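Hi everyone, thanks for coming. Please take a look at the sequence and the structure before I start talking.

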Amino acid sequence: MFDRSEKVKAKFISPNGWWFVTSGPVSPDPGRDDDPARGPGEPGRTPHDGSRGDTGSTPDEFPGDGEQELPPPIEDWLTDDEWLDWLSSIESGEEDPENDSGHAARGAKAARAGQGSRAPKGSRAPKATRVPKGSRRGPGQPGSARRLPGDSPGPVGAFATGQLMDTAPGGPVVFGHAEHAAGDDARFAGATDDELTGLICGLDRAEAAACALKHAAVAELIRRSPEDGCVPEGPAQMPGTYDDFTEAELAAALAETRQAAAGMLSLARDLQVKLPGTNAAFRTGVLRLSKVEIIARAVANLDPDEARAAEALVLDRAGRLTPGGLRSAIASAVMEVAPEKARKRREDAARNARVQRWLEDSGNAALMGRELPPADVLAADQRITWWAKKLRAAGLEGDMDQLRALAYMDIMLGRDSRLLIPPEPPASTDGTDGTDGGQEGPGRQAPDDPRDGGPGDGGPGDGGPGDGGSGPDPDGTRTPPTPGVIPAGFTGCINLTVTLATLLGLANRPGEISGLGPVDPALARDLAHAAARNPKTTYCVTVTDEQGHAIGHGCARRESQNHTRAARPPEPRLPRGHDPPAGHDPPAGHDPPGGHDPPGGPGTGPGPGFTFTASDADGPPGGYGAWRLSTGIPGRPDLLIALDPIALDTCDHRFEAQGHDPGVKLRHLSQIRHATCTGPTCRRPSRQCDFEHNIPYEAGGRTCLCNTGPKCRHEHRLKQDPRWKVEQITPGTFRWTAPSGRQYVTEPTRYPI
């Protein structure tokens, strides 16, 4: 099981990060935190003379201008030897030593001494057992005088992991502590990386809270500027509309455009009327303005009850999601709460389809299409990539982004940038030109390779359906990539994820297109029906738990001819090589059908009737049975699906590979469990990621679901950095520890349920 891959090190995991346990006394130079107890003059500290001090000061307040520099702390009440003796005599979780019978006597002795607890002059601990010079000694750390849960010394210590300011809501208290910790030079002297990171997060919450308060004030401006005849309505007591010139007043006050002022007024009203949960998270700093705007835009066409239902589906994790992740999550929530309104919004917006151009800040220009059909956008994007690869193969310089931009303009203008390549040098006088007769020169276009990544043959392949040399420029001529070169039936490849209930017409739940995001149920069904007409479409079925995590998966294979139901007409044999998992990697990310531009566009004509029934065959041991999927298209064989389990919490190593490289099924299941990179904030599709061993294979790590996950090249390199640490705490869960000691957990993909 997992014990095989664990490496044990003696260390403490504490609120301030991870620390290796030393086997001897602490350093004679314990650094700035000689004692974690607050000294006289710190906020919330009782003076040594027993007086109450500043009665107006509480632990949540920050020092005022009259604060004095902290005096040296008193001597530790445990010597090094006493502390080590006590540490070795207790078990984790026992009572703090300050409650023992000798505490008062030692404390009195320490008070009389009035000196720090350094080792006697001239004595040194063994070099191998010393804490490195300048290392922090905070609450709960080896070398601390005592543990103080929820407390940390110094102006920045309150921002350490789990401490008061690290968990406090945004507001003036957090900002005040941060301003005090900054110092006169704003260099945050004495702060550890962990504390500095916590301070940055605290200021982010304080900034969000201030912005929320500004929008609350804008909402009050709306209440005081109602349109004639409008009265306050609902719990928020907001008028239906505000006065025409309220935008102008706000724009003038903030030196903003009227459009920006209108957006601020609209958001302020929505927060009061539609999104009380989002408003509360905004006010405490859990959500910053950019995330609040994402939620508000997504629910723009919903009524208040629907908007509250949608926000409730994402608020529990909205603060942890990246903007892209939140945008996808709230879009799915809106489609689930109000599928018909989501469809209508898409159709209405399509009437506003347009192409925009503008001047970039650099002096270059931009060109962009808006509100286009998703299937067309994917097909066009793949055509651009296909031609960019041809340009690279021909010898043009530049990275893929630059070549895609060049390909985009080639396709739009009907030109061929390969003409920019210098002509081949003339043949030498001895009859040779430096190449043999069959070799391609830099100006020649190599024949299309079915593995070149361009869509077309379902592999994916080259520039047109059917391959067979029908791609552009098969003989090396320089022909631009116009519609006359690429056949009109040019096919894109779509990875579509849709719930089975939606596919069967039993529910209206959103689907998702890999690389684009959520799509409403109507579009998901249209795309699935269009894809079913293509014999090259492949299907996968994933079983999820109540959270949407993948726990089972199977790839469809054709039912053999001799097992075809007698009631069906004779069925033509399909081309070989398109049935996952045999022959090639199945489509990544669980997304069932790879499709093409729907004939006639989505929603034209009745689609095939999908059915999903239990099969007579036995399913895999410990799996989720064997099933039969039918597209309902006459002459097409049924598809058989055996659902294997996916390791999420435990692993039985059934798909473990004996060598370094994974098998087809192992790689595919890993990509199903995590449809994107397992980095804390990365959303790169797993199909474009490395298959990475968490414990290196060379160090004894398994090539198995319990020791692997997809990582993009950047996150793969990040994991290799010795300052970072990545633990696969369960087969499906990763914990990343940053150099500061902060930890971030990534979970498996949540599919629509």
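Let's begin with a question: is W386 buried or exposed? W386 is buried, with a relative accessible area of 1%; buried means under 20%, exposed over 50% and partly exposed in between, using a 1.4 Å probe and protein chains only. W387 is buried too, with a relative accessible area of 1%.

A word on the source: this is a predicted model, where local features need pLDDT of at least 70, side-chain atom pairs count only at pLDDT 80 or more, and totals for chains, interfaces and linings use all residues. Residues are numbered from 1 along each chain as its sequence is written, and side-chain values use heavy atoms, leaving out hydrogens and water.

Back to our rings. Rings of Phe, Tyr and Trp (its six-membered ring) pair if their centres lie within 6.5 Å; planes under 30 degrees apart are stacked, over 60 edge-to-face, and the rest tilted. That rule gives four aromatic pairs. One of them is W386 with W387, a tilted pair at 5.5 Å centre to centre and 45 degrees between the planes. For Y539 and F610, the centres are 6.3 Å apart and the planes at 65 degrees, so this pair is edge-to-face. Both Y539 and F610 are buried.

Now the sheet. Strands here are DSSP runs of E, at least two residues, numbered from the N terminus, and two strands pair if DSSP finds at least two bridges between them. Three strands form an open antiparallel sheet in the order β8-β9-β14. β8 (540-544) and β14 (644-645) each have a single partner strand, so one side of each is left without a neighbour in the sheet. β8 pairs with β9 (residues 550-555) over five bridges.

Terms used. Helix = DSSP H or I, 4+ residues; strand = E, 2+ residues; numbered from the N terminus.
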